[in-house]
Amino acid sequence: MLVTPREPLETKTTCPYCGVGCGLVVRPSGTGGVTVSGDESHPANLGRLCSKGSALSETIGLEGRLLYPMVGGRRTGWTEALDLVAGKLADTIKRHGPDSVGFYVSGQFLTEDYYVANKLMKGFIGSANIDTNSRLCMASAVAGHKRAFGADTVPGTYADLELADLVVLVGSNLAWCHPVLFQRLAAAKAAQPHMRLVVIDPRRTMTAEAADLHLPLAPGSDVALFNGLLAHLEAGGHVDRAFVDGHTSGAPPALATARKQDLTAVAAATGLEIDNLKIFYDLFTRTERVVTAFSQGVNQSSSGTDKTNAIINCHLFTGRIGKPGMGPFSITGQPNAMGGREVGGLANQLAAHMDIEDPEHRRIVGGFWHAPRMADRPGLKAVDLFRAAHEGKVKAIWIAGTNPVDSMPNADFVRAALHACPFVVVSDVVRDTDTTRTADVLLPAAAWGEKDGTVTNSERRVSRQRAFLPLPGEAKPDWWIFAEVGKRLGWTNAFAYQNAAEVFAEHAELSGVENSGRRDFDISPLAGISRDEYEVMQPFQWPLHAKPVAGAPDVRLFSNGSFYTRDKRARLVPTPFKAPASATSPEFPLVLNTGRVRDQWHTMTRTARSPRLMGHIAEPFAELHPDDAAARGISPASLVEIVSAQGRVIVRAQISPGQRRGSVFAPLHWTDRQASNARVDALTGSHVDPISGQPELKFTPVEVRLFTAAWYGFAVLDREPRQIDAGYWVVAKAEDGCRVELADRRAVVDWHAFARDLFGINTELLAYHDTAGKRHRLAAFDGDRLAGALFVAPEPVALSRTWLAAQLGLPAITAKDRLRLLAGRTGNAADDPGPILCACLGVGLNQINRAITDDGCTTVEAVGEKTRAGTNCGSCRSEIRKMIDAKALQNAV
Ligand SMILES: Nc1nc2c(c(=O)[nH]1)N[C@H]1C(S)=C(S)[C@@H](COP(=O)(O)OP(=O)(O)OC[C@H]3O[C@@H](n4cnc5c(=O)[nH]c(N)nc54)[C@H](O)[C@@H]3O)O[C@H]1N2
Ligand SMILES: Nc1nc2c(c(=O)[nH]1)N[C@H]1C(S)=C(S)[C@@H](COP(=O)(O)OP(=O)(O)OC[C@H]3O[C@@H](n4cnc5c(=O)[nH]c(N)nc54)[C@H](O)[C@@H]3O)O[C@H]1N2
Ligand code: SF4
Ligand SMILES: [Mo]
């Protein structure tokens, strides 16, 4: 019989990670899995991919997935779970009013999911208590855009970064966080040597390594820097008078505020040399084509909205907006941060870029939805929503597509709030997260690859995510789950969607209602889209004035100088410089800065499943300046305790002159699932920007102390550890098992028992003990293969992690090699690749070092030819160049 494959041979879809929004082509691998490659026809990436995108095929297995609804830890069916959720919501609303319930959703929702959740809360439940993790991510940019443009508009396109003669990156580690956009920028810069890149970031990131000028400003001082720029532009007469007079208002007060700080005051506030300020100001002044792109170093601040406007002011004053290669550019983090804004997912927005506080807008949306109970005022923003849950005001909360117990500031408080809240529902794709552990009801959501919908990237480009896998277990798309609850609450017609295409069609229709160019967001030509058309829909940018056509030119807004304020003029906004909300003190003298690493995605529920991605950085860390480390007796690889007014964590110390004195950087990614105590948001505080409500996640006063343990350990094992009895531990997935870092203040009496518990094995162990020297090495074998090995020392264990983890994969280890392994000695130094630097092709640091030192490679290309490193996605090229530069410098001195 001829079998027709049910699935198409090739699916075009979009990456579920960052806001670059790369197009992907997914094909069956022929061995039961899939291969993922960059879509050459997608305008965002033109075939490129980064390490995370390239590793997607490793993260779609069903291990650890939440596959069935669960109530009180017990598996149930959908009917029971949905009846319970709807019943509890109805009862709570009846007894305590609509504002006693809340939804907390995600910029990783598809637009269709977001639209339905928002409609249910704001039009039908009658509260605006729906907020999203975009509050932690984009809220300041949104508020800044609205103040300046009258709408939340990102005017530019990615091509503008290539067309610019000067790109200024403010608080953006583009090389690691938006790698494909960074590749595009790097390629444009290589092709046009006159192009300049300025990076404004307190720490010397991999992005800063690629810059012509790096300004390591004092944390939180961006407003002073850009006020200084505005004053400098004015003083030199560098104003686009026709534009300022014809298309803006507010310049005089904005200038008056900017002038208040002279250059000396700006230098004092930013901690930058006057000479460097002048270089930057002059470069900005004399370069017409400037793009200023910004991200979390701007947004996640108690002055995030002012930072945004201080940047926009400089562009408006010079008329550098809405033209090729010019403009302010907010780079969005999550894959659908933009889509969430389009449907009004934040507590102070309404659907289709309308405002909840505008009665006209409420009339338009309410009428379109036939809403029985329109919310008429903004709801609680994220930080306030969890506070209200803690105080008992919010009595039922539904969290979907986000992991707030790890990612919200003051995360221990958030965990306590969820424990205190009488009814907690969590929709997730993963069974066991720090947030699912607080839930009364767990709802299994369909994951990337299983669900259909749309996402919008940073340049307003809407792309389809398409399913290429069947729905596993009883998982369902998020829009379906919210719609089912809506129906059970009695609104059968309003939530009677059959598929994602119907939701999208309704969303598109709403964007055109009473619009006629009054609102920026308009995709109404797609209002009647059929399911078939939706299936083949090609990426397009909004606003749309006709049905999209493939290959259409990029859409840039404001080229006509007309904005979305009532008088059509853009606003320059006075932005007085204010210090961060909290200050260092003798008790907490250092500033904690937090952010991302190249190969992990947020709380690691997906990226931690890829051994390749875990190979780059496998342990949570704190990066300190050498002087701050020395003052505290901290040496490289020490364990340190970071303490703040909110909480404490224990992580590994990294010492780097790229860190500002007085600053510490720690990644946000590690959770209680991978580490004993490394949830960095247990440290951060709840201070927010007064306008946007976005938390100040980049500035927390802390102290860092040496954590002295009685012993340190490192283990590899061929399975998940069974039991870890140690005060400090971190588990990372490896190719054939996992790696475990260990340490404790308590001594261990019986190392054999400890190792057996860790390995989950009861067999004899091969062991070496130097009791006086407090060194112990134990290994277990399963036939000829290595099952587990543990290395213990009185100081941090110095052994090649990559080499040891690779031993797990060997089919047989001879008696001689067993002894060598126990000695922790790589047979031949050349066998040790070192930590993985190039995640795509699995090339280690030592291999690259050898190419530079032994083979004399002096360019990134030469290293690529020799080792293949950096030849796929290129995310590691900055790191390779840094190694080459370090070697050159070493040779020179
Ligand atoms: N690998 C990876 N990529 C990601 C993500 C991920 O989890 N992993 N997440 C995605 C998401 S949701 C987001 S929001 C983006 C975030 O992308 P980015 O904003 O680029 O990343 P962050 O590391 O959060 O912070 C950026 C930089 O801000 C700097 N900074 C701190 N304080 C200040 C300050 O006061 N002023 C200035 N100018 N800079 C400051 C930090 O040192 C840091 O290097 O990344 C997206 N891409
Ligand atoms: N200290 C500090 N904290 C930060 C930041 C920082 O820079 N510093 N950055 C903040 C920013 S910008 C962001 S965006 C947040 C991110 O923080 P979170 O949103 O909490 O992080 P994720 O790990 O992406 O969480 C997504 C959750 O949704 C689940 N999931 C994945 N796909 C689906 C799906 O299709 N449906 C459903 N229902 N669930 C799904 C995942 O398993 C995971 O549990 O962190 C914020 N927190
Ligand atoms: S840059 Fe990487 S993470 Fe971002 S969308 Fe592209 S492939 Fe995905
Ligand atoms: Mo984000």
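Let's start with strand E24 (residues 621–624) and strand E26 (residues 648–655), which run parallel and are joined by four bridges. Two strands count as paired if DSSP finds at least two bridges between them. In this pair, Ala-622 stands opposite Ala-653 in E26.

Before going on, a word on what you're looking at. This is a predicted model, where local features need pLDDT of at least 70, side-chain atom pairs count only at pLDDT 80 or more, and totals for chains, interfaces and linings use all residues. Residues are numbered from 1 along each chain as its sequence is written, chains are lettered from A and ligands numbered from 1 in the order in which they are written, and side-chain values use heavy atoms, leaving out hydrogens and water.

Now zoom out from that pair. E24 and E26 belong to a barrel of six strands, closed in the order E23-E27-E24-E26-E25-E28, with mixed pairing. From one strand to the next, the twist averages 45° (axes are lines fitted to C-alpha atoms, for helices over the stretch in contact, and angles run from 0 to 180 degrees between N-to-C directions).

Next, ligand 1. It has 35 residues around it, and Asp-201, Gly-220, Asp-222, Arg-596 and Gln-600 come nearest; a residue is near a molecule or strand if one of its heavy atoms lies within 4 Å of it. Sorted by type, the shell around ligand 1 has 11 nonpolar, 16 polar and eight charged residues. For that sorting, Ala, Val, Leu, Ile, Met, Phe, Trp, Tyr, Cys and Pro are nonpolar, Asp, Glu, Lys and Arg are charged, and the others, Gly among them, are polar.

What about polar contacts (pairs of N or O atoms within 3.5 Å; within protein, one must be able to donate a hydrogen and the other to accept it, and residues adjacent in sequence count only if both atoms are side-chain atoms)? An oxygen atom of ligand 1 sits 2.8 Å from a polar backbone atom of Asn-173, and a polar side-chain atom of Arg-596 lies 2.6 Å from an oxygen atom of ligand 1. On its own, ligand 1 exposes 900 Å², and the protein buries 99% of that. Accessible areas come from the Shrake-Rupley method with a 1.4 Å probe, and for residues only the protein chains shown count as cover.

Arg-596 turns up again at ligand 2, where a nitrogen atom of the ligand is 3.0 Å from an N or O atom in the Arg-596 side chain.

Why is helix H4 (residues 139–149) largely enclosed by the rest of the structure? Because nine of its 11 residues are buried, where buried means under 20% relative accessible area, exposed over 50% and partly exposed in between (1.4 Å probe, protein chains only). Just after H4, Gly-150 takes a positive phi of about 80°.

Strand E29 (residues 711–717) is mostly covered too, with seven of its seven residues buried. In a regular strand, side chains alternate between the two faces of the sheet. On E29, Trp-711, Gly-713, Ala-715 and Leu-717 are buried on one side, and Tyr-712, Phe-714 and Val-716 on the other. E29 runs antiparallel to strand E31 (residues 737–744), joined by seven bridges, and pairs in the antiparallel sense with strand E34 (residues 785–793) over six bridges.

Definitions and conventions: Helix = DSSP H or I, 4+ residues; strand = E, 2+ residues; numbered from the N terminus.
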